[in-house]
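Colleague: I am new to this structure and would be grateful for a guided introduction. Could we begin with its pockets and then turn to its helices?

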Amino acid sequence: MGLEWVLEAVERGVDLFDSSYVYELTEKGFALNIYSEDRQTADKILDLTEKKYCDNMDLLFEGYSLAYVHHLLTVKEMLAGVILMRHNLRQYLNFFHDLRHAIRNDSYEKFKSSLMNK
């Protein structure tokens, strides 16, 4: 279940979602990457357990670099989950805020296409 699934569900009239998706991402060491213009990837989900992040100093959340979170995940430090959960929840909530705004302003299709083309 990804963002595409959420958009499809909204188009079918679903208007209630839970945060289990965010929890599952966090448990797997994944970071949502919806709102990051400065990163060099268009991936909407980053697998921070991958070695390619071990020296990536791009910031993830509140000053924590991708490399630092990768390190925390590698050594199984509990702080990794805390940082990832806060980051993922913020990204997810911002996504829903922008989605609601787009629906209210009759710009849903524009929102959807800009999100899918990132």
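Modeller: On a 1 Å grid over the protein atoms alone, a pocket is an open set of points with protein on both sides within 12 Å along at least five of seven lines, and its lining residues have an atom within 4 Å of a point. Grid points are joined across faces, edges and corners, and a volume is the space filled by probe spheres set on the points. This is a predicted model, in which local features need pLDDT of at least 70 and side-chain atom pairs count only at pLDDT 80 or more, while totals for chains, interfaces and linings use all residues. Residues are numbered from 1 along each chain as its sequence is written, and side-chain values use heavy atoms, with hydrogens and water left out.

Colleague: How much space lies in the second largest pocket?
Modeller: The lining includes Thr 26, Glu 27, Leu 73 and Gly 81. H2 and H4 each supply at least two of the lining residues; helices here are DSSP runs (H or I, at least four residues), numbered from the N terminus. The space in this second largest pocket is about 170 Å³.

Colleague: Which helix gives the largest share of the lining of the largest pocket?
Modeller: The largest pocket holds about 230 Å³ of space. Of its 13 lining residues, the closest to the centre are Asp 15, Phe 17, Phe 96, Leu 99 and Arg 100. The largest share of the lining, 7 residues, comes from H4.

Colleague: Are the rings of Phe 17 and Phe 96 stacked, edge-to-face or tilted?
Modeller: Rings of Phe, Tyr and Trp (its six-membered ring) pair if their centres lie within 6.5 Å; planes under 30 degrees apart count as stacked, over 60 as edge-to-face and the rest as tilted. By this rule there are 8 aromatic pairs. The centres of Phe 17 and Phe 96 are 5.3 Å apart and their planes stand at 40°, so this pair is tilted.

Colleague: How many residues apart in sequence are the parts that this pair ties together?
Modeller: Phe 17 is in the loop between helix H1 (3–11) and H2, whereas Phe 96 is in helix H4. The pair therefore ties together parts whose separation in sequence is 79 residues.

Colleague: At what angle do H2 and H4 pack?
Modeller: Axes are lines fitted to C-alpha atoms, for helices over the stretch in contact, and angles run from 0 to 180 degrees between N-to-C directions. The axes of H2 (residues 20–27) and H4 (residues 78–104) are 9 Å apart. Their packing angle is about 145°.

Colleague: Which residues of H4 meet H1?
Modeller: H1 and H4 pack at about 30°, with their axes 13 Å apart. Contact means heavy atoms within 4.5 Å. Leu 3, Val 6, Leu 7 and Val 10 in H1 meet, in H4, Tyr 92, Phe 95, Phe 96, Leu 99 and Ile 103.

Methods:
1 Å grid on protein atoms, 1.4 Å probe; cavity = no way out; pocket = protein on both sides within 12 Å on 5 of 7 lines; lining within 4 Å.
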